[in-house]
Amino acid sequence: MPLSSAHRAAVAEFIGITGATEKVAQRFLKNSSYRMDEAVDSFYSSGAGGSAPSASRESSLTKQFESLRDPQDDKDKIGPENTMTYLQSVGASLEDASMFVILEIVKAETIGEIKKDGFVSGWAEAGVDGNLASQKKHVANLVARLPKDKELFKKVAKYAFVAGKEPDQRALALENAMLYWTMLFAPPGRPWVGKQTGVDFFALWTQFLKDKWTRTVSRDMWNQTLLFAEKSAEDESLSFWNPEASWPNVIDDFVAWYKARSEAGAMEVDQSA
């Protein structure tokens with residue numbers, strides 16, 4: 001049966017994202033009832049993201065890694081300058097969430113360094129070989145999905161803590177945590193705003209921390225903040241919050257601060273803070 005114009009457009013879009021053949025594109029789209037996100041996810045999770053078998057893919061990724069590494073770098077690492085160059089070459093901005101999308105793929109342990117094992121295994125698991133154009137397409141697809149795909153955003157945002165902290169530290173300095181939250185809670189990430197009235201929770205969270213919090217940000221505080229952001233965006237009244245639940249004290253304090261401001265009608269953020 002001939003494809004409709006809408007289906008032909010979907011096939012063209014799928015090919016543009018994945019580099020797949022028309023036959024493969026039609027198969028994955030048909031199996032997902034032409035839901036693009038599901039079709040692309042299925043394509044990459046199936047390992048169809050490259051025509052090369054696993055051993056060949058890993059070989060091409062190893063060669064690519066070697067081409068990215070400066071001779072002065074450790075043989076199993078790409079140093080800071082070349083790491084930044086690589087991130088930008090596959091479509092990352094060093095000022096937004098797209099950077100963390102790539103760092104999560106290659107399993108970077110710090111922002112300024114990529115290790116060979118993580119690079120090769122990460123891209124191989126994504127079904128992408130050592131081809132810069134294919135990697136760029138894969139990243140572009142993930143970045144486009146960040147605002148609407150809760151699970152993808154959660155995975156990337158949780159990894160930002162791993163890559164963002166100093167290797168010898170267990171927590172993030174507050175200044176760094178604020179910077180990374182700013183990158184994640186803004187396009188192309190997932191803005192932390194209420195869906196009913198558009199209250200800017202992130203601006204309020206930022207002001208609260210500047211006024212009330214002087215400590216570092218632990219992994220638990222980081223992850224619980226991500227969960228709280230997701231729930232508060234859906235429910236601006238914060239009716240999901242319970243003082244008997246296991247929220248960190250800092251979030252309990254923020255809720256009390258937020259409700260007091262709401263009751264007083266003082267929801268404007270102090271821009272000079």
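**Second largest pocket**

I started with α12 (219–234). This helix gives the largest share of the lining of the second largest pocket, seven residues. I note that the model is predicted. The pocket has a volume of about 290 Å³. I listed its lining and got 18 residues. Closest to the centre are F153, R190, L226, A229 and E230. Which helices each supply at least two residues of this lining? I found α9 and α12. Next I sorted the lining by class. I got 10 nonpolar residues, one polar and seven charged.

**Largest pocket**

I moved on to the largest pocket, with a volume of about 380 Å³. Here 20 residues form the lining, and the closest to the centre are E104, A126, H138, L142 and K155. Which helices each supply at least two residues here? My list reads α3 (36–45), α6, α7, α8 (132–145) and α9. By class, I noted eight nonpolar, four polar and eight charged residues in this lining.

**Salt bridges**

Side chains of opposite charge can pair when their charged atoms come close. How many salt bridges are there? I count 10. I wrote up some of them.

I looked at K107 and E125. Their closest N and O atoms are 2.9 Å apart, and the two residues form a salt bridge. The pair links distant parts of the chain, 18 residues apart. K107 sits in the loop between α6 (98–105) and β2 (114–115), while E125 belongs to helix α7 (residues 116–125). Are the two partners buried or exposed? K107 is partly exposed, at a relative accessible area of 33%. E125 counts as exposed because its relative accessibility is 57%, and the cut-off for exposed is over 50%.

I then checked K115 and E109. Their side chains meet in a salt bridge at 3.1 Å, N to O. K115 has a relative accessible area of 31%, so I put it down as partly exposed. E109 is partly exposed too, with 46%.

K154 and E151 came next. I read 3.7 Å between the closest N and O atoms of this salt bridge. Both residues lie in helix α9 (residues 150–164). They are three residues apart, about one turn of the helix. K154 is at 24% relative accessibility, so it counts as partly exposed. E151, at 52%, counts as exposed. I also noted a network: salt bridges that share partners join E66, R69 and K116.

**R69**

Where is R69 found? I placed R69 in the loop between α4 (54–68) and β1 (77–78). Why does R69 count as buried? Its relative accessibility is 18%, and buried means under 20%. I checked the side chain of R69 for polar contacts. One goes to the side chain of E66, at 3.2 Å.

Last, I listed what R69 touches, leaving out residues up to four places away in sequence. My list has D74, K75, K77, I78 and N82.

Definitions and conventions. Residues numbered from 1 in each chain as written. Predicted model: local features only at pLDDT ≥ 70, side-chain atom pairs only at ≥ 80, totals over all residues. Heavy atoms only, no water. Helix = DSSP H or I, 4+ residues; strand = E, 2+ residues; numbered from the N terminus. Buried < 20%, exposed > 50% of the residue type's maximum accessible area, 1.4 Å probe, protein only. Polar contact = N/O pair within 3.5 Å; in protein donor to acceptor, adjacent residues only side chain to side chain. Contact = heavy atoms within 4.5 Å. Salt bridge = Lys/Arg side-chain N within 4 Å of Asp/Glu carboxyl O. 1 Å grid on protein atoms, 1.4 Å probe; cavity = no way out; pocket = protein on both sides within 12 Å on 5 of 7 lines; lining within 4 Å. Points joined across faces, edges and corners; volume = space filled by probe spheres on them. Nonpolar A, V, L, I, M, F, W, Y, C, P; charged D, E, K, R; others polar.
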